[in-house]
Amino acid sequence: MPGLCVGIDIGGTNLKAGLLTPDGRMLDTCKHQLTPEEKSEAGAVSAMKHIFSELLGRSGLGPDGLLGVGLGVAGIIDDKLGVITQAPQFPLWRNFALVERLSKAIGLPVAMENDVNAIARGEKWCGAAVDVDNFICMAIGTGLGGALCLNGEIWSGMDGMAGEFGHICVDAGGAPCGCGSNGCLETFASAVGLIRMVKADNYRTVLDHAADDAAIPYTLARLAESGDAQAKRYWEIFGRALGQVLGGLLNALNVKTVLFGGGLSKSFSLFAPAMEAEIKHRAFPAVARNLDFRVGKLWEDAGIYGAAAALLNRIDRRERTW
């Protein structure tokens, strides 16, 4: 079957890859857990070549049956040069020419996309945003990342940094953020933010039932869903912070669709009421009218779809605008 492509979602723990048709059908997926050695530049290229070869081997295809490989990775990316300037989950990567090195290793074209841009691109291609050309994407998980789709194209900015909504300040005197600033949206509306607030309040109902820090947001969600008033309060804080930032973004951009991805978007019903109320308070009435809030459909596969779509878009920008 000629003309297939591979999308690889590069996470700090695992590589997730998929084999897709140009019309967006996922034919196969596989996962590879990274070893410490595979987090170096050379090790990462080797691991990506391995998962690529595994997919090809299972499909019975040779490289001639493929258009190329798309990559999605968290970090500061120069997508024109195919270089990762810095990646928070891979501290050994500095000005890493990943596109060139992987392309040489597998003998095929390679394209690369920021991880949240990939989520937005994947949802635009085959998910919850197929029918809209202008939207804000918020990916809420451990942290909070963002992306913009304007006129059907992902807008990455002049330096590839557009969409860092998690680092818009909502409280100038607030808690330190991992970016080096204070009071960023991410310190309230993310897993890191929820964990910080619960620990600061010494909220024993959650802390005594969560197996570890990673379980705190999900324990908090279960309590809020069961009617616990204090648990609900954290989700209201989460929603108000989101609404504060979205009110400003919507005033600036005047788009009508906001798409939510990432694991914590599954708790949309818990933070949406406070978020929507804050948007109405912050945004002009015309801007806040008829807003369309959506939760992604592709979930854990969104990055794979988006990475593959980045490749297809790079191959032919004139015909493909996902």
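**Entry 1. Two asparagines in loops**

I began with Asn 254, which is placed in the loop between α7 (229-253) and β12 (257-261). Here helices (H or I, at least four residues) and strands (E, at least two) are DSSP runs, numbered from the N terminus. The model is a predicted one, in which local features need pLDDT of at least 70, side-chain atom pairs count only at pLDDT 80 or more, and totals for chains, interfaces and linings use all residues. Residues are numbered from 1 along each chain as its sequence is written, and side-chain values use heavy atoms, with hydrogens and water left out.

I read the phi of Asn 254 as near 55°, a positive value in a residue other than glycine. Asn 254 has a relative accessible area of 45% and is therefore partly exposed. For this term I took buried as under 20% relative accessible area, exposed as over 50% and partly exposed as in between, with a 1.4 Å probe and protein chains only.

I then turned to Asn 290, in the loop between α9 (285-288) and β13 (292-295). Asn 290 is not a glycine, yet its phi is positive, at about 60°. Its relative accessibility is 65%, so Asn 290 counts as exposed.

**Entry 2. Helices α4 and α6**

I recorded how helix α4 (residues 191-201) meets helix α6 (residues 216-225): their axes come within 9 Å and cross at roughly 75°. Axes are lines fitted to C-alpha atoms, for helices over the stretch in contact, and angles run from 0 to 180 degrees between N-to-C directions.

From α4, I listed Ala 191, Leu 194, Ile 195, Val 198 and Lys 199; they meet Ile 216, Pro 217 and Leu 220 of α6. Contact means heavy atoms within 4.5 Å.

**Entry 3. Aromatic rings**

I searched the whole structure and noted 9 aromatic pairs. The ring centres of Phe 90 and Trp 93 are 4.1 Å apart with planes at 10°, so this pair is stacked. Rings of Phe, Tyr and Trp (its six-membered ring) pair if their centres lie within 6.5 Å; planes under 30 degrees apart are stacked, over 60 edge-to-face and the rest tilted. Phe 90 and Trp 93 are both buried. I also noted one aromatic cluster, formed by Trp 235, Phe 238, Phe 260, Phe 268 and Phe 271.

Two arginines also concern rings. The charged end of Arg 196 sits over the ring of Phe 188, 5.2 Å from its centre. Arg 233 lies over the face of Tyr 234, at 4.8 Å from the ring centre. A charge sits over a ring if NZ of Lys or CZ of Arg is within 6 Å of the ring centre and within 35 degrees of the ring normal.

**Entry 4. Two buried residues**

I looked up Ala 231 in helix α7; with 0% relative accessibility, Ala 231 counts as buried. Leaving out residues up to four places away in sequence, Ala 231 touches Tyr 203, Leu 220, Leu 223 and Ala 224. The C-alpha atoms of Ala 231 and Leu 81 are separated by 46 Å, and the two residues are 150 apart along the chain.

Val 73 and Ala 118 are 45 residues apart in sequence and 8.4 Å apart in space, C-alpha to C-alpha.
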